[in-house]
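Hello,

Here is the structure I promised to pass on to you. Have a look at it first, and then read on for what turned up in it.

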Amino acid sequence: MGNLLGSWRFKEPSTVEECDSTWGSDSEGDEPAAAGDDSGVSGSVSPADSERAAGEPGERSPQLTDSPDSVPKMKRSFYAARDLYKYRHSYPNYRKSRQPNEYRNLRFYLNKIPLVPDGIYIEEILTKWRGDYDKLEHNHTYIQWLFPLREQGLNFYAHELTQEEIKEFQSTREAKRRFLAAYSLMLDFYGIKLLDKSGNVARAPNWKERFQHLNESQHNYLRITRILKSLGELGYEAFKAPLVHLFLEESLSHNTLPSMQHSVLEYFVYTIRLPATRRRLLRYARKHYRPPHGFMWGPPPKKRGGGGSTGPGAAGSEHPLPRQSNRGGGREMSPSAGSRIIVSSHDAVVYQEGAGGGLKGGPSNMAGLEGALMMAGARGERNEYNDIVPL
C-alpha cells in the first residue's frame, strides 16, 4: 500500500488557464465592482489614500490609441503562472529534504548566525543599511536571507524554509519583529513607508527619487516578487494587497512607475492566495489600463451553451489533482537529492558568477540577464530558470 500511495503525485497544470483560478469562483461574474470598492483592498482605506489619489498634475497614464492593431500582441507567461500556482498551492510536489532541519533562517533572524557568504548579522543590516541605497541596490546576497522561501534561490548559501521552521518563526516574537523591520527597510528603499501593523502603505517623503530609480532598476521587480511570497509564508498574507494596490495605482493611474505595469499584473497580483482579493485588484487594474483592449488578466470568455471554462482553475478551488508519477521517463521529474534543485526565475537575476560579475557585481553585469528574463515573461517564452537546473 505504501508503494502504491507513494507513486501518486499532484498533476501540475499545463496551461495558463489551469494555473489561474482567479475568476473560476467569481459569483459576481464580469460585473464592475460596487461603488467605493474599487481599491482591491479589504477593510478600511489608509489615511494616505486621498493624498496619493490626488497625485501630481499630469500624472495620468498616457491615452494610447484604442486600435487593436496599434500595439504588439501580448500573451500571458505560462512559466510565470506555473511558478505562482506552485507557490499558492504550497508546492504540491515538494519533497522534504533528508538533511537535518537546522532552522538557519530562524537563527539568522534571532541574530545567532550571519548571512553567508558576507558574514553580516541581521542587526547590522537593520541598523546600518537603512538609507544606504547603493548597498541595497548592488549587494545581491542578502535578499534570500531577509525573505526566505520554500524554494531555492540563486544564493546557494541561503537555505529553503521548511514547514517546521515556518511554525517556529511565526511563534517567535523577536524573529517577527525583525522581519517586519526588514520589510520596512526594503519599502524605504523603494520610496514607500509602512503605516501600521495592518500592512497599509503610502508614498515616503523621498518617493519621487526612489520611484525614478525603481522604474529604471527592473531587477528589483524580481526582489519584490520574492518579498511578497515571503510575507505570505511567514504569516503576513494580509500585507500583500495594500502594497500591490499601491503599485497598481502608481503604474496605471499616476504613471509614476510605467515600467512596472507588466510585473505587477503578471507576478505581484498572483502572489495573493485569496481569489476574491485578486479579483478586486484586477478590476481596479482593468478600469485604469490603457489601451483597454490590451488587458489580458480579466475573466475568460464564457463558452457557448452556458458551459464554463474547464481545468483546475474553473471551479475556483485551487486544489491540484493527483496523478501517477512517470517513473519510466518523460518530462515530469522531481529533483533527486544532492543533484538537482528547483530554481525560481525571480531569483535568477541575482546570479552573476556565470556572467563574470561576481556576487556583488553592478547593474551593468546584470542588464542582459534581466532583460532576457523580463522579455521572456512578457512574451510567454520558455525560461530555463523555471525548470530543474543541474548543479
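**What was found**

The protein chain has 16 helices and six strands (DSSP runs, numbered from the N terminus: H or I of at least four residues for helices, E of at least two for strands). Please keep in mind that this is a predicted model, where local features need pLDDT of at least 70 and side-chain atom pairs count only at pLDDT 80 or more, while totals for chains, interfaces and linings use all residues. Residues are numbered from 1 along each chain as its sequence is written, and side-chain values use heavy atoms, with hydrogens and water left out.

First, the chain as a whole. Of its 391 residues, 50% count as buried (under 20% relative accessible area; exposed is over 50% and partly exposed in between, with a 1.4 Å probe and protein chains only). Taking contacts (heavy atoms within 4.5 Å) between residues at least 6 apart in sequence, 77% join residues at least 24 apart.

Next, the aromatic rings. The count comes to 19 aromatic pairs, where rings of Phe, Tyr and Trp (its six-membered ring) pair if their centres lie within 6.5 Å; planes under 30 degrees apart count as stacked, over 60 as edge-to-face and the rest as tilted.

The charged end of Arg203 sits over the ring of Trp207, 3.8 Å from its centre, and that of Arg210 over the ring of Tyr133, at 4.0 Å (CZ of Arg or NZ of Lys within 6 Å of the ring centre and within 35 degrees of the ring normal).

Finally, Thr22 is in the loop between α2 (16-19) and α3 (49-54). With 0% relative accessibility, Thr22 counts as buried. Leaving aside neighbours within four places in sequence, Thr22 is in contact with Tyr270, Pro275, Arg278, Arg279 and Leu282.

Best wishes
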